[in-house]
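Please look at the sequence and the structure first.

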Amino acid sequence: FSDKAQDFSFWIMADTQTHKLHKLAQLKNLLKKRPELKNADMFVHLGDISSNMDDIELALFDSFFKGIPAHQPIVAVRGNHEFDGEQAGRYIKYLGSRDYKSYQAFKLGNIFFIALDTGHHLPKDSTNSFQRYTGLNELDTLLSEQTAWLQSAVKSDEFQNAAVRM
């Protein structure tokens with residue numbers, strides 16, 4: 001991608017938390033019905049790719065993402081289910097930003113994209129989730145850091161000069 005104005009396309013999905021074979025069949029069927037998606041320039045997943053992150057490689061790479069056309073960069077936003085599971089702490093390693101955050105901004109052509117992490121809805125002292133073992137339930141810390149980052153991002157020249165902001 002370039003900073004110059006250009007045409008590009010992307011497609012978006014979310015809540016794909018079904019059994020691996022069912023998920024792959026759904027994706028295959030969608031790409032068959034909508035073949036133009038195979039030619040898109042980017043794929044965006046808006047959270048809850050799997051029910052939990054007990055086996056993150058299986059949940060991400062030996063499942064849904066293997067059906068995404070290889071030329072398409074993947075942008076992922078963390079949903080509440082990405083906070084659950086024994087390996088939830090590894091999510092950012094695979095799908096975080098270049099600076100290992102769960103939120104990011106980038107510009108493609110004259111469009112400025114912001115992807116935020118809204119955290120998990122469970123309280124800090126919850127015993128209802130694996131997140132208590134991995135420190136992922138520090139929602140106040142996440143939102144505080146992200147707020148400071150976002151305030152800086154929207155003051156940037158790239159944001160201010162973007163024709164479109166998403």
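In this predicted model, three strands form an open sheet in the order β4-β5-β6, and their pairing is mixed. The edges of the sheet are taken by β4 and β6 (164-165), each of which has a single partner strand, so one side of each is left without a neighbour in the sheet. Strand β4 and strand β5 (residues 111-115) run antiparallel and are joined by five bridges.

Glutamine 104 belongs to strand β4, which covers residues 104-108, and its bridge partner in β5 is alanine 115. Is glutamine 104 buried or exposed? Its relative accessibility is 18%, and because buried means under 20%, glutamine 104 counts as buried. Leaving aside residues up to four places away in sequence, glutamine 104 touches Val75, Ser97, Phe113, Ile114, Ala115 and Trp149.

The largest pocket holds about 500 Å³ of space. It is lined by 19 residues, of which Val75, Ser97, Arg98, Gln104 and Phe106 are the closest to its centre. Two or more lining residues come from each of β3 (74-76), α3 (91-95) and β4, and β4 supplies the largest share, with four residues.

The lining of the largest pocket divides by residue class as follows.

| Class in the lining | Number of residues |
|---|---|
| Nonpolar | 13 residues |
| Polar | three residues |

Notes. Residues numbered from 1 in each chain as written. Predicted model: local features only at pLDDT ≥ 70, side-chain atom pairs only at ≥ 80, totals over all residues. Heavy atoms only, no water. Buried < 20%, exposed > 50% of the residue type's maximum accessible area, 1.4 Å probe, protein only. Contact = heavy atoms within 4.5 Å. 1 Å grid on protein atoms, 1.4 Å probe; cavity = no way out; pocket = protein on both sides within 12 Å on 5 of 7 lines; lining within 4 Å. Points joined across faces, edges and corners; volume = space filled by probe spheres on them. Nonpolar A, V, L, I, M, F, W, Y, C, P; charged D, E, K, R; others polar. Pairing = 2+ DSSP bridges.
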